[in-house]
Amino acid sequence: MSATTATPVAEVSDLGASPRVVRVAGKQIALFRIEDRFYAVDNRCPHQGYPLAQGTVRDGTLTCDWHNWKFNLDDGRCILRGSEDVRSYPVSIVDGRVCLDLTDTPVEEQMARHLESLARGLKSFDTGAISRDASRLMALGMRPAEVMRQGALHNAEREEFGWGHALAVIADCASFAEFYPGKDGAIPVVRALWSASEPVRRYRLRTHAEPSTADREGESEFRRRIEDEDVDGAESWLRGAIEAGLPDSELSRWLVNAASDHFLGFGHQAIYVFKAHQFAAQVGWDGLRTVIPSLVPSIAWATRYDRLPEMRKYIAQLHGVEARLPALASLQRRPGPSFDAARFRNEVLFGKGDAAFEAVHGALSAGVHVDLIARELGLAASERLLRMDLDWETSHDERVWDEGGWLEITHLLTHANATRQLLRRGVTPEALRHLYHNAWFINYQKRFDSTDGARADDSLPAVHAASPAEMAAVYRSAVQRRDFDHAMGAVRAWGEHGWPHHELLAAMAHEAVEADDGEFIALAHVLKTTHAAIEEHRSNSTGEAAILPLLAATRYIASPRKQRSVRDSALNGVKFANPAP
């Protein structure tokens with residue numbers, strides 16, 4: 001150690017058998033003297049921060065007495081129980097003073113080390129290591145979205161059935177990072193990384209077919225392979241197209257159109273395609289080139305809901321107008337006075353027979369702009385959430401398959417928002433199908449309405465607060481108590497005050513990101529629904545249209561959701577073992 005790198009921190013005479021803690025250069029360092037040898041390590045155990053100066057030293061091994069992690073005092077290497085070394089510092093004695101070399105390694109080397117450690121933590125779902133490395137990477141200057149991208153890469157390479165809820169959570173957390181300034185920025189990052197790791201804990205890497213030579217106009221072949229559920233072939237074709245330089249706009253079109261060929265998985269796949277766009281806005285399409293192909297198995301293997309009996313008539317209608325979709329896509333005029341938005345929404349919500357289909361088809365044929373149609377579908381979806389019969393989840397009928405409840409209903413809003421956002425990125429004939437799909441879905445789910453048909457916000461309690469910050473606190477408290485009436489009352493009062501909405505949106509985002517009271521799938525839907533509501537709110541500018549999606553999402557996230565997985569699974573097992581006569 002040269003004199004220029006030696007920093008005096010203590011007098012030799014001041015060090016005895018008991019460790020000493022010094023604070024220097026922003027570091028907290030534990031000094032140990034064993035006979036005539038001196039050691040220095042970071043005082044905080046890398047596990048959970050317990051002071052190592054309060055640990056036990058025996059035969060050159062330092063033990064953290066909190067969780068029994070053990071470190072070699074010579075080099076800080078963790079030798080038992082732990083997954084991370086503690087930093088040690090070279091010690092020299094100069095003129096009776098203990099001096100340390102505090103030189104940090106270059107930032108690039110530190111980042112590389114923490115990225116390797118993060119990868120190990122993600123693989124084993126080591127939540128402590130994930131959280132520590134994420135925070136260290138951000139402290140070194142890595143953007144939160146880029147840290148989250150590491151989780152996306154990890155999950156996409158392992159998820160057997162492709163892009164799922166975990167990658168949607170990552171996209172939403174990246175978007176909600178705007179509501180987490182300063183050190184709190186680690187919270188959505190950690191949520192994203194935990195969500196990336198837990199579902200694929202200890203999974204092996206997925207095998208991929210080699211990229212095939214796909215011409216840049218090969219969208220029809222890509223979609224044909226997906227239609228045939230040739231996952232390897234479709235993924236190989238897409239990878240080949242990406243490697244050949246498929247432009248982002250064409251890549252987007254391929255995915256949007258492929259997700260429209262069927263009504264897939266209650267709208268999940270269209271939602272996931274939008275989430276890819278949403279996350280790409282944070283990290284760039286280039287940053288997702290190895291993640292995007294995971295959408296292929298998700299789309300190809302999804303439930304093709306339009307093959308189920310309840311949807312067959314509607315699909316026959318859609319097939320009957322397919323030839324007109326190119327002409328309809330070109331009719332992008334602003335709506336004239338003939339468009340009755342209230343009537344349109346009412347037909348979608350409550351119309352019988354072909355009413356919802358005809359409402360969309362009539363609006364498109366009249367040249368109503370797709371964004372306005374999608375806007376009304378988002379408001380209709382919000383209305384349906386407000387009418388959800390909360391007693392539904394307490395019932396358990398005689399069907400063997402599971403259907404219904406909050407999770408299904410939330411897809412109405414998330415799918416409507418995904419449709420709107422995707423159409424804003426480009427109107428293709430195929431993408432118009434999502435409007436028809438969404439209208440049918442919203443109309444079909446009127447079966448979950450409360451029996452009296454009343455909207456949940458018709459008689460909300462009066463909620464008073466002196467400022468936006470105080471009202472945000474009232475909102476968060478009500479959500480945490482599962483008091484959806486007062487939470488919705490806070491949203492309604494916010495609109496009546498005419499306050500800027502940033503603090504309300506931040507409160508909603510925090511409750512979604514920090515929710516820890518249910519299964520992962522439920523938490524994922526809370527995030528998706530909250531994000532969709534905020535997006536619809538921002539797109540609807542002012543008035544009731546801006547407040548309605550926030551009320552709808554609040555009713556969901558603040559409702560006392562009854563998740564009884566063990567009970568329901570057991571009763572489904574009983575149905576199989578004892579089928580009804």
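Which residues form one aromatic cluster? In this predicted model, the members are Phe-263, Phe-266, Tyr-305, Tyr-314, Phe-357, Tyr-436, Trp-440, Phe-441 and Tyr-444.

Take two residues of that cluster, Tyr-314 and Trp-440. Both are buried. Their ring centres lie 6.1 Å apart, with the planes at 25 degrees. Planes under 30 degrees apart count as stacked, so the pair of Tyr-314 and Trp-440 is stacked. Tyr-314 sits in helix α11 (residues 312–321), while Trp-440 belongs to helix α17 (residues 429–444). The pair therefore ties together parts that are 126 residues apart in sequence.

The aromatic pairs number 20 in total. Another of them joins Phe-176 and Phe-179. Here the ring centres are 6.1 Å apart and the planes stand at 50 degrees, so this pair is tilted. Phe-176 has 1% relative accessibility and so counts as buried. Phe-179 is buried too, with a relative accessible area of 4%.

Now turn to a helix pair. Helix α1 covers residues 107–124, and helix α2 covers residues 127–139. Their axes come within 9 Å and cross at roughly 155 degrees. Angles over 145 degrees count as roughly antiparallel, and α1 and α2 are therefore roughly antiparallel to each other. Their crossing is left-handed.

Which residues make the contact between α1 and α2? From α1 come Met-111, His-114, Leu-115, Ser-117, Leu-118, Gly-121 and Leu-122. They meet Ala-129, Ile-130, Asp-133, Arg-136 and Leu-137 of α2. By class, this contact has 7 nonpolar, 3 polar and 2 charged residues.

Terms used: Residues are numbered from 1 along each chain as its sequence is written. This is a predicted model: local features need pLDDT of at least 70, side-chain atom pairs count only at pLDDT 80 or more; totals for chains, interfaces and linings use all residues. Side-chain values use heavy atoms; hydrogens and water are left out. Axes are lines fitted to C-alpha atoms, for helices over the stretch in contact, and angles run from 0 to 180 degrees between N-to-C directions. Helices (H or I, at least four residues) and strands (E, at least two) are DSSP runs, numbered from the N terminus. Angles under 35 degrees count as roughly parallel, over 145 as roughly antiparallel, 65 to 115 as roughly perpendicular and the rest as oblique. A crossing is left-handed if the near helix is turned anticlockwise from the far one by less than a right angle, and right-handed if clockwise. Contact means heavy atoms within 4.5 Å. Ala, Val, Leu, Ile, Met, Phe, Trp, Tyr, Cys and Pro count as nonpolar, Asp, Glu, Lys and Arg as charged, and the others, Gly among them, as polar. Rings of Phe, Tyr and Trp (its six-membered ring) pair if their centres lie within 6.5 Å; planes under 30 degrees apart count as stacked, over 60 as edge-to-face and the rest as tilted. Buried means under 20% relative accessible area, exposed over 50%, partly exposed in between (1.4 Å probe, protein chains only).
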